[in-house]
Amino acid sequence: MTRYDIAILGGGPGGYVAALHAGVKGARVALVERDRVGGVCVTVGCIPSKALLDSSHAYWMTTHGEDHGIVVQGARFDLPKAVARKDAVVKQLVGGIETLLRARKVDLVTGEGTLVAPGQIRVRTRADGDTAIDAANVIVATGSKVGAPPIRGLAEAKPLDNVGALSLAAAPRRLVVIGAGVIGMELGTFYAELGSSVTILEMLPQALSFAEPELVRLLVRSLQTKGVTVVTGAKVTEVARRGRVVTVTADVEGTSRAFEGDEVLLGAGRVASYSGVEQAGLETNALGITVDDRMRTSVKGVWAIGDCIGDPRAPKLAHVASTQGEVAVDTILGEDARMEYDAVPNVVYTHPELASVGLTEAQAKERYGDAVKVARFPFAASGRALALGETQGVTKLVTAGKDMRIVGVHVAGPQASELVAEATLAMRLEATVEDVVATIHAHPTLAETFREAALVAAGRAIHVAR
Ligand code: NAI
C-alpha cells in the first residue's frame, strides 16, 4: 500500500487546490472525493451561478439597450439552453482540474471517505468496495451544507436551494427568497433579469448584513428597477405549498405577513459539514472544526481548511479555502506559513456588483476612533462608466491615521469584482492614500475611480467638485 505524504478529504476549492499545490512541491498526494472534483463552488455554486448571471445580464442588456441603439423585437430567453451552456462550462472546468491533478501525479480516489484514525482514511468506492489510504498527514476539506433554519413546513414545501435554482426549466412568474444573503441576492438578480417578480425576505435590518450600508442601499434601489423587492426585518416562520402556490409567512416587525410565489428559494446560510471525521476525535466548536492560524486541528497530523472549520474570522469563501489549503500544505512541508484575514476580498455578483475588502466605516471607527476618514467617488463622474451606460455605482475608501492608510475599500458598480483586486493588493502592501494617488491609472477605465476616490480623500479631487 502506498504511504502518502498528504491525503486530502474533499475535492472542493480547498481540497483540490491543496492537492495541486502539494503536487507542485513534490509531495505524494491522494485526494478523496465522493462526487466531481471542484466541489460546490465549481459544480453547483460560484461557477455555474456566474455562468447563468452572465446569460441573464446579456439578455437584460439586449432588451434594455435602446440608449445604445439596440432595438430587438421578439427577444426571448431560452432558459434550458442557458442551463446547458452552464453545464458545459462546469464540465470543462471539472475536466481541466482532473487533467491538472494527473499532471501533478495526485491520486484521485472517488468514493465516500471516512477518517477512521489520524493518518487513516477508508474510502467506500463504487467499483472495488473499500480502499484504505495511509498518510503521514490528512487535510480535512469537507465543506459545508445548506443550513436548515427553524421554519415550519420548510422541508415539505421543497424549496429550491443553490442546486435546484440553477437548473429550472422555466423562470417562475413570482419567486420568494428566504434570506437576503449572497445566494438570495445573486439568484434573485438572475431571475429578475429574466422577468420574474422577486421578493427577498431578510430577518436582519439590512440585506447583505456584512456589507457597507450605503452601498447595499444603492444596490437594493437599483435592483428594484428590475423587479426585486427586499423586505428587511422579515423573519420567515412558515412555508406552505398548496397546488402551484407557495405561501411564505414572515414576522415583519411584530406583524405576520404572507408572501405568495410560484417557487421559494432558500438562501438562509450554510453550515460546516464534517461527517466522516468524528471518529478521529477532532475538537469542534459551534461553527465547525477548531483550527489555529496554520490550519492545525487538535489532533497531530490532521489539518482542516475551508467551510468545515470553525473560525469566526474566516468567511466561507472559495478563495479563503484555497489559501488555507496552501497554508496547510506549506506548514506540513516545514515552511513558516499562516493565515491572515485582514485583506480578504468579498464579492456579490449582483448587477450592479458589490465588492469589498477590509473594514466598513463602522468597523474602522470601532477600531481606530476619530482617526478614520472616508472618501467617495461616484461612477456618474467616471467617463468610462458613462460610456458603458452604467453610472450607478460608487467607490468608497475608508482610511485610518495621519498618513491615511487604506483600511477598507467598498465598490458598487459594473466590474466591482475585478476592481477590488487592486484595492486588495493596496491593503496587503499597507498602502496610503498618497500611494494610490501616485499610481498612474489608464484612462478611461473604471479602475480610475479608485485613484479618484484617493484624490478626494487627499483633498485634491479632480473630477468631482468636492
Ligand atoms: P448568508 O449567510 O450569506 O445569508 C443568509 C441570510 O439569510 C442572512 O442574511 C440571514 O439573516 C438570513 N436568514 C436566515 N434565516 C432567516 C429567516 N428565517 N428569515 C429571513 N431571513 C433569514 O448565506 P447564503 O446566502 O445562503 O450563502 C451561503 C454561503 O455561501 C455564504 O457563506 C456565502 O459566503 C457563500 N456564497 C458566496 C458567494 C460569493 O462569494 N459571491 C455566492 C454565494 C454563496
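**View 1. Pairing of strands β18 and β21 in the predicted model.** In this predicted model, strand β18 (residues 353-358) and strand β21 (residues 405-413) pair in the antiparallel sense over 6 bridges. Within this region, alanine 355 is found opposite valine 411, the latter belonging to β21.

**View 2. The open sheet of 5 strands to which β18 and β21 belong.** The strands follow one another in the order β17-β18-β21-β20-β19, and their pairing is antiparallel. Because β17 (346-348) and β19 (372-378) stand at the edges and each has a single partner strand, one side of each is left without a neighbour in the sheet. On average, and with direction ignored, neighbouring strands of this sheet are turned by 10° against each other.

**View 3. The open sheet of 3 strands, with antiparallel pairing.** The order of the strands is β11-β12-β13, and the edge strands, β11 and β13 (255-261), each pair on one side only. From one strand to the next, the twist averages 25°. Strand β12 (residues 245-252) runs antiparallel to β13 and is joined to it by 7 bridges, with threonine 249 standing opposite alanine 258 of β13.

**View 4. The shell of residues around the ligand.** There are 21 residues around the ligand, of which Ile183, Glu186, Glu202, Gly269 and Val347 come nearest. By class, this shell consists of 12 nonpolar, 4 polar and 5 charged residues. Helix α5 (182-193) and strand β11 (234-242) each contribute at least two residues to the shell.

**View 5. Polar atoms of the protein and the ligand.** An N or O atom in the side chain of glutamate 202 lies 2.6 Å from an oxygen atom of the ligand, whereas methionine 203 places a polar backbone atom 3.2 Å from a nitrogen atom of the ligand. For valine 347, a backbone N or O atom is 2.8 Å from a nitrogen atom of the ligand. On its own the ligand has 850 Å² of accessible area, and the protein covers 81% of that area.

Notes
Residues are numbered from 1 along each chain as its sequence is written. This is a predicted model: local features need pLDDT of at least 70, side-chain atom pairs count only at pLDDT 80 or more; totals for chains, interfaces and linings use all residues. Side-chain values use heavy atoms; hydrogens and water are left out. A residue is near a molecule or strand if one of its heavy atoms lies within 4 Å of it. A polar contact is a pair of N or O atoms within 3.5 Å; within protein, one must be able to donate a hydrogen and the other to accept it, and residues adjacent in sequence count only if both atoms are side-chain atoms. Accessible areas come from the Shrake-Rupley method with a 1.4 Å probe; for residues, only the protein chains shown count as cover. Helices (H or I, at least four residues) and strands (E, at least two) are DSSP runs, numbered from the N terminus. Ala, Val, Leu, Ile, Met, Phe, Trp, Tyr, Cys and Pro count as nonpolar, Asp, Glu, Lys and Arg as charged, and the others, Gly among them, as polar. Two strands pair if DSSP finds at least two bridges between them. Axes are lines fitted to C-alpha atoms, for helices over the stretch in contact, and angles run from 0 to 180 degrees between N-to-C directions.
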